[in-house]
Amino acid sequence: MKPQAIGPVMIDIEAHSLSALDKEKIAHPNTGALILFSRNYDNPRQVADLIKQIRAARNGDILIAVDQEGGRVQRFQNGFTRLPAAAFYAEQPELAEAAGWLMASELLAVDVDFSFAPVLDVDCGVSEIIGNRSFSQDAKLAAELAGAFRQGMRSAGMAATGKHFPGHGAVALDSHLTLPVDERDLETIRQQDLLPFKQLIAQGLEAIMPAHVVYPQVDRYPAGFSSFWLQTILRGELGFDGAIFSDDLSMEGAASIGDFTERAGLAQQAGCDMLLVCNNSTAAEQVLDKLPISQNSKREQRLQAMRGKCQLDKDALAKSDKWQTISKQIKEFYEAHA
C-alpha cells in the first residue's frame, strides 16, 4: 500500500495510550499531525513508547508536536529540564540559544518532531495570556532573543514555529476564552509587532502560527482566517514560504467564524497548511470527515520540513558534556526565577 502523505489536520488524544478510536483518527487520510498535552505525559520512557504507538498507527508520516516553550507553558516536566519564561532571558541573553538547543534536544530524544516555539509576540504590558511568554516589550530585543532561541533549536535538529502572527501582545483578552480585538492600524503593527517575524523569516523560520485576534482596521477576519494577513502580508510582503499552522480551532477566538467545518474551510482557504483541532474529539472527527481529501505537494513539502532530526538519543544526550553543562545552567537560572 502506498504510504499516506502528511494530511492537513492536527489532532490530539485523551490519555497515556491509544484507544481504538485514536488509531482510527490517526489513520485518516486528512490527519497529518498530533499534539501532545500534559495529560498524555508521565515520564520520558512512557511518552517515547506512546509516540512509537502513534507512528505505528499510520501508514505514512505523521508529525508529533507539543507546547514546550518554557515557563507556564511546558507540557513535559518530570524528566525534562524546567525552562524559564522567555522574558527572563533578557537578564542573561547568552542563555537563550543554549535553552533553545536544550529544549529541542530533549524533545527530539523522545521522538517529538517540534515544539510550537518561539513566541514572537511583543509584550505591551496588557496581555495576561502572553505576558512573560514574550521575550521582551522591546521589539528589537524580542527579535534578537527569539532568534537566538530559534538558532539553538535549529542546531539541535528542530524546526521552529513563530507565534502568534501578527502579534497577540497588545490585547488584554485571552483568545482561548473570547475573540480579542486589536484596534491598532496596520502601520503601527508593522513598526512594532511585525519586526520579530520579519527578522526570523529572513533567518529562515520554518513555520508560523497566526493569532485568533481580529484587527478591524486591517481586516474583518481574525488573522488565522484572513487571506489579507496570511497571503498579502505574510507570504507577499514578508516573503514567508514556510508552513502556516492555525491556532486551535476549538478556541473561543475562532467561534465567530462558524461551526468547526466552516472554521477549517476558511482557515485553509486563507492559507493555513495545518489545521489544529484539539480538546474536542467530536469536532476533530467532523473536520477529518468533512474536509475534502486533497493532495497538495507544496503543503506537504512545507510540512515535511517540520520533521525532527534527532542527533542524540535519550541515553547519549544525558551522557554528553554539552547537555550536562547546559542543563545545569538552565536549571539554576530557572530556580532563580521560579
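The model is a predicted one. Its largest nonpolar core holds 108 residues, and helix H3 (residues 94-108) gives the most to this core. Helix H3 also packs with helix H4 (residues 139-156). Cis peptide bonds occur from Lys163 to His164 and between Phe165 and Pro166, while Asp111 and Asn279 have positive phi values.

**The nonpolar core**

- Within the largest nonpolar core, the residues that touch the most other members are Met10, Leu36, Ile54, Phe165 and Phe245.
- The contribution of H3 to this core is 10 residues.
- When neighbours within four places in sequence are left aside, Ile54 is in contact with Ile13, Leu18, Ile26, Leu34, Leu36, Ile62 and Ile64.

- Two packed helices are described by the angle between their axes and the distance between the axes.
- For H3 and H4, the angle is about 35° and the axes are 6 Å apart.
- The crossing in which H3 passes H4 is right-handed.
- By class, the residues in the contact of H3 with H4 are 11 nonpolar, 5 polar and 1 charged.
- On the H3 side, the residues that meet H4 are Ala96, Glu97, Ala99, Gly100, Trp101, Met103, Ala104, Ser105 and Leu108.
- On the H4 side, the residues that meet H3 are Leu145, Ala148, Phe149, Gln151, Gly152, Met153, Ser155 and Ala156.

**Cis peptide bonds**

- The bond from Lys163 to His164 is cis, and its omega is near 10°.
- His164 belongs to strand S7 (residues 161-165).
- Phe165 and Pro166 are likewise joined by a cis peptide bond, with omega about 0°.
- Pro166 is placed in the loop between S7 and helix H5 (186-191).

- Asp111 is not a glycine, yet its phi is positive, at about 75°.
- The loop between H3 and strand S6 (114-115) contains Asp111.
- Asp111 has a relative accessible area of 36% and is therefore partly exposed.
- Asn279, also a residue other than glycine, has a positive phi near 60°.
- Asn279 is found in the loop between strand S10 (275-276) and helix H9 (281-290).
- With a relative accessible area of 46%, Asn279 is partly exposed.

Terms used
Residues are numbered from 1 along each chain as its sequence is written. This is a predicted model: local features need pLDDT of at least 70, side-chain atom pairs count only at pLDDT 80 or more; totals for chains, interfaces and linings use all residues. Side-chain values use heavy atoms; hydrogens and water are left out. A nonpolar core is a set of buried Ala, Val, Leu, Ile, Met, Phe, Trp, Tyr and Cys residues joined through side-chain atoms within 4.5 Å. Buried means under 20% relative accessible area, exposed over 50%, partly exposed in between (1.4 Å probe, protein chains only). Helices (H or I, at least four residues) and strands (E, at least two) are DSSP runs, numbered from the N terminus. Contact means heavy atoms within 4.5 Å. Axes are lines fitted to C-alpha atoms, for helices over the stretch in contact, and angles run from 0 to 180 degrees between N-to-C directions. A crossing is left-handed if the near helix is turned anticlockwise from the far one by less than a right angle, and right-handed if clockwise. Ala, Val, Leu, Ile, Met, Phe, Trp, Tyr, Cys and Pro count as nonpolar, Asp, Glu, Lys and Arg as charged, and the others, Gly among them, as polar.
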